[in-house]
Amino acid sequence: MRTALTLAALASLLSTALVPPVAIAQSRYGEEPLAGTMEPAALADRVSASGDEEAGARSDPRVADQNGDDFYCRERKLGTWFYCEKPKPRASDPKAGQPAGSAAEQLAAIGKELDEKKARAILDPTPENVASYISFQREQLDRASSFADMWRRSIWQNPTLDYTLQRPVNQLGKRTWLDTRTADKNRVMASISKRYGVFYFFSSACAACEVFAPIMKSVSDRFGLTVMAVSLDGGPSRAFPNFTVDTGQYRAMGMQGQQVPALVLFDTVTKRPMPIGYGVMAADEVMDRIFTLTSVAPGSDF
């Protein structure tokens, strides 16, 4: 009898010892059985699923970018604030990648901004607005100064761009150019009478004609230039006693109105009239206009 009781007590103790304490706690508190108490098949499924999750985590680009060890970052997934996941770059301004526009558009934008700052400084002349306008204006003045400086440097180094080689502006160069121009003018005027003649239109009641007639007579005598005096009102001229009365010559020469005195240069080769001008002119001006019309290509003096 004693032996039977002893065996029963040993069996009870052995059955209790074979149940893990964790399993007892789980059964007591209703928790899910842990891996240690699972059936072999369920345990294999759990291990397989855990491997799939780990493989998926490794394939996730966010996880791939994480730093640190597997337990601290990958398993716990602490993210950016624990320095596991690299911060994502901020979305750039949509206008940042766009081209700035053409140079003309940029220049127009600068002018618009300058006008806006000026208007704001005038309408609301606070120290900040006035200083902002002055500062921005100074920037544009500096830019203009740089442009002007580079302009003259480029002209100095490229003779094809330097107009002053054709028409000097310094005192010595201008004097040399004028002396050369006067010599060319005298040469052309000396031979002008071989091809050209002048129609001089006047009126006996015109005071300006009385002043200009002797001037035109002196040019005619100096260069042997033939001058045909035409009276619009039929009256005489003391400087040109051998005048003729207008019978349509004025309009035929392409003149407008009845303005006198008037000069027209006539090309005997091409039969083409070239009006010289109206009103009182000095002798040098008459010579210069004749020289320009007959010997200077349009635009070459400018």
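The model is predicted, and its chain contains 11 helices and five strands. Of the 302 residues in the chain, 24% count as buried. Among contacts in the chain with a separation of 6 or more, 50% are between residues 24 or more positions apart.

**The sheet**

- The five strands make up an open sheet with mixed pairing, and their order across the sheet is β3-β2-β1-β4-β5.
- At the edges lie β3 (244-245) and β5 (272-278), each of which pairs on one side only.
- Strands of a sheet pair through backbone hydrogen bonds, and the pairing can be either parallel or antiparallel.
- The parallel sense is found between strand β1 (residues 196-202) and strand β2 (residues 227-231), which are paired over five bridges, and here Y200 is placed opposite A229 in β2.
- β1 and β4 run antiparallel and are joined by six bridges, with V198 standing opposite L265 in β4.
- β4 and β5 likewise run antiparallel with six bridges between them, and in this pair V264 stands opposite P275 in β5.
- A hairpin is formed by β4 and β5 with four residues between them, and K271 in its turn has a positive phi of about 60 degrees.

**Strand β1 inside the structure**

- In β1, seven of the seven residues are buried, so the strand is largely enclosed by the rest of the structure.
- In a regular strand the side chains alternate between the two faces of the sheet.
- In β1, Y196, V198, Y200 and F202 point one way, while G197, F199 and F201 point the other way, and all of them are buried.

- α9 and α11 pack together at an angle of about 55 degrees, their axes being 9 Å apart.
- This angle makes α9 oblique to α11, and the crossing in which α9 passes α11 is right-handed.
- On the α9 side the contact is made by F212, I215, M216, V219, R222 and F223, and on the α11 side by A283, V286 and M287.
- Sorted by class, the residues in the contact of α9 with α11 are eight nonpolar, no polar and one charged.
- Helix α9 (residues 207-223) also packs on the sheet, where it touches β1, β2 and β4 (262-267), and its direction makes about 165 degrees with that of β1.
- Helix α11 (residues 283-295) packs on the sheet as well, touching β1, β4 and β5, and its direction makes about 145 degrees with that of β5.

**The helix pair α6 and α7**

- Helix α6 (residues 103-123) and helix α7 (residues 127-157) have axes that come within 8 Å and cross at roughly 150 degrees.
- That angle makes α6 roughly antiparallel to α7, and the crossing of the two helices is left-handed.
- From α6, the residues making the contact are I110, E113, L114, K117, K118, R120 and A121, and from α7 they are N129, V130, S132, Y133, F136, Q137, Q140 and R143.
- Divided by class, the contact of α6 with α7 has six nonpolar, four polar and five charged residues.

**Residue L232 in a loop**

- L232 has its place in the loop between β2 and β3.
- The relative accessible area of L232 is 22%, and this residue is therefore partly exposed, since the buried class requires a value under 20%.
- Apart from its neighbours within four places in sequence, L232 is in contact with F201, F202, D246, Y250, Q258 and V260.
- L232 and T247 are 15 residues apart in sequence, and their C-alpha atoms are 8.5 Å apart in space.

Terms used. Residues numbered from 1 in each chain as written. Predicted model: local features only at pLDDT ≥ 70, side-chain atom pairs only at ≥ 80, totals over all residues. Heavy atoms only, no water. Axes fitted to C-alpha atoms, helices over the stretch in contact; angles between N-to-C directions. Parallel < 35°, antiparallel > 145°, perpendicular 65-115°, else oblique. Left-handed = near helix turned anticlockwise from the far one by under 90°. Contact = heavy atoms within 4.5 Å. Nonpolar A, V, L, I, M, F, W, Y, C, P; charged D, E, K, R; others polar. Pairing = 2+ DSSP bridges. Buried < 20%, exposed > 50% of the residue type's maximum accessible area, 1.4 Å probe, protein only.
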